[in-house]
Amino acid sequence: MRDYRSLLAGDPCWDATTQARYERLGEAAQDRILQNREELLALCRFIEANRVRSYLEIGTWTGRLLSALHRLFAFDRVAACDDGYCRRFGFSHHFPRDARVFLGSSRDPAFEAFRASLGSVDLVLIDGDHGYRGVRADFEMQRRHPHRFLAFHDITGANRHTRGVARFWRELRGGSKVELVLPHRELGLPYSTMGIGIWSASGAFRLDGVLDGPPAWPPGGSAEP
Ligand SMILES: C[S@@+](CC[C@H](N)C(=O)[O-])C[C@H]1O[C@@H](n2cnc3c(N)ncnc32)[C@H](O)[C@@H]1O
């Protein structure tokens with residue numbers, strides 16, 4: 001397994017400065033990867049262990065996550081769907097040159113044709129509309145198209161914006177689920193306010209080394225209150 005902590009050391013993620021903006025503005029208005037670094041590292045280990053070669057991200061914000069993953073894994077195919085909300089904050093998208101990009105809502109009927117044109121995608125990360133109906137609609141569409149894994153961000157549903165994802169994830173039946181839910185060290189939290197859930201219809205996961213993160217942090221820290 002490669003050392004993803006070192007490989008991603010120069011990629012800012014959701015830290016205390018992001019959290020402060022989120023609390024002040026109601027938006028994580030920073031041009032960076034909007035992930036808990038520990039969970040991102042576990043996602044990288046999952047991608048390596050499962051030999052993921054194609055990736056679609058629904059809801060990319062400025063594209064920093066997709067770009068970092070493509071830099072690390074040089075996917076055979078990489079694609080993005082985003083509605084461009086980041087532009088309201090003066091940011092632009094930063095997508096790899098070879099990415100296939102759909103600029104618009106994943107609920108736009110044209111997105112289904114775009115998705116069909118991608119063919120089989122090993123891993124789809126659903127991180128756009130976090131409402132219950134939105135995440136369910138994204139799931140229903142993605143499961144109609146060939147894939148290996150469907151992943152969901154924010155399965156802990158820690159705030160009112162992400163509660164719908166937690167409900168969707170809880171209710172999801174059939175297939176198999178893996179949860180990458182780890183302490184948010186960069187926020188100094190011994191628990192996660194995000195969480196990545198990965199679903200597979202067949203249950204064909206390889207998890208060797210995926211959850212081998214650092215020990216629980218801070219030492220002796222308790223679980224979520
Ligand atoms: C939380 S951010 C994504 C963060 C990014 N995946 C990352 O990890 O850095 C959610 C993004 O999804 C976009 N979005 C929300 N609903 C969407 C939809 N239905 N279709 C496409 N994009 C959507 C938002 O504008 C925003 O850019």
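# Helix packing and local backbone features in a predicted model

The buried residues of helix α4 pack against strands β1 and β2. In α4, 7 of the 10 residues are buried, so the helix is mostly covered, whereas in α2 the count of buried residues among its 10 residues is 0.

**Helix α4 and its flanking loops**

- The residues of α4 (64–73) that count as buried are Arg64, Leu65, Leu66, Ser67, Ala68, Leu69 and His70, and the strands against which these buried residues pack are β1 and β2.
- Trp61 belongs to the loop that runs between β1 (54–58) and α4, and its phi is near 55°, which is a positive value in a residue other than glycine.
- Is Trp61 buried or exposed? Trp61 has 25 C-beta neighbours inside 10 Å and therefore counts as buried, the threshold for that class being 20 or more.
- Ala74 sits in the loop between α4 and β2 (77–82), and just after the end of α4 this residue takes a positive phi of about 45°, again in a residue other than glycine.
- Ala74 is exposed, because 11 other C-beta atoms lie within 10 Å and a residue is classed as exposed at 12 or fewer.

- Within helix α7, which spans residues 163–171, the buried residues are Val165, Ala166, Phe168 and Trp169.
- When α7 is viewed down its axis, these buried residues fall within an arc of 165°, and they therefore line one face of the helix.
- The face of α7 that is turned away from the buried side carries Arg170 and Glu171, both of which are exposed residues.
- Which elements cover the buried residues of α7? The cover includes helix α6 (132–144) together with strands β5 (147–153) and β7 (196–200).

**Packing of α6 with α7**

- Helices α6 and α7 pack at an angle of about 50°, and their axes are 7 Å apart.
- This angle makes α6 oblique to α7, because angles from 65 to 115 degrees are needed to count as roughly perpendicular and angles under 35 degrees to count as roughly parallel.
- The crossing that α6 and α7 form is right-handed.
- On the α6 side, the residues that take part are Tyr132, Val135 and Arg136, and on the α7 side they meet Gly164, Val165, Arg167 and Phe168.
- Sorted by class, this contact of α6 with α7 has 4 nonpolar, 1 polar and 2 charged residues.
- Two of the α7 residues in this contact, Val165 and Phe168, are also among the buried residues of that helix.

- Helix α2 (16–25) is hardly covered, and it is followed by Gly26, whose phi is positive and near 80°.
- Ala9 is located in the loop between α1 (4–7) and α2, where it is exposed, with 9 other C-beta atoms within 10 Å.
- Although Ala9 and Arg37 are 28 residues apart along the chain, their C-alpha atoms are separated by 9.6 Å.
- Arg37 is part of helix α3, which covers residues 37–49, and it is buried, with 22 other C-beta atoms within 10 Å.
- Leaving aside residues up to four places away in sequence, Arg37 touches Cys13, Arg185 and Glu186.
- Between the C-alpha atoms of Arg37 and Glu57, which stand 20 residues apart along the chain, the separation is 17 Å.

**His153 in strand β5**

- His153 lies in strand β5, one of the elements that cover the buried residues of α7.
- With 27 C-beta neighbours inside 10 Å, His153 counts as buried.
- What does His153 touch, when residues up to four places away in sequence are not counted? Its contacts are Leu125, Asp127, Met194 and Ile196.
- The C-alpha atoms of His153 and Phe168 are separated by 11 Å, the two residues being 15 residues apart along the chain, and Phe168 is one of the buried residues of α7.

Notes
Residues are numbered from 1 along each chain as its sequence is written. This is a predicted model: local features need pLDDT of at least 70, side-chain atom pairs count only at pLDDT 80 or more; totals for chains, interfaces and linings use all residues. Helices (H or I, at least four residues) and strands (E, at least two) are DSSP runs, numbered from the N terminus. The arc is that of the directions from the helix axis to the C-beta atoms. Two residues are in contact if their C-beta atoms, placed from the backbone, lie within 7 Å. Axes are lines fitted to C-alpha atoms, for helices over the stretch in contact, and angles run from 0 to 180 degrees between N-to-C directions. Angles under 35 degrees count as roughly parallel, over 145 as roughly antiparallel, 65 to 115 as roughly perpendicular and the rest as oblique. A crossing is left-handed if the near helix is turned anticlockwise from the far one by less than a right angle, and right-handed if clockwise. Ala, Val, Leu, Ile, Met, Phe, Trp, Tyr, Cys and Pro count as nonpolar, Asp, Glu, Lys and Arg as charged, and the others, Gly among them, as polar.
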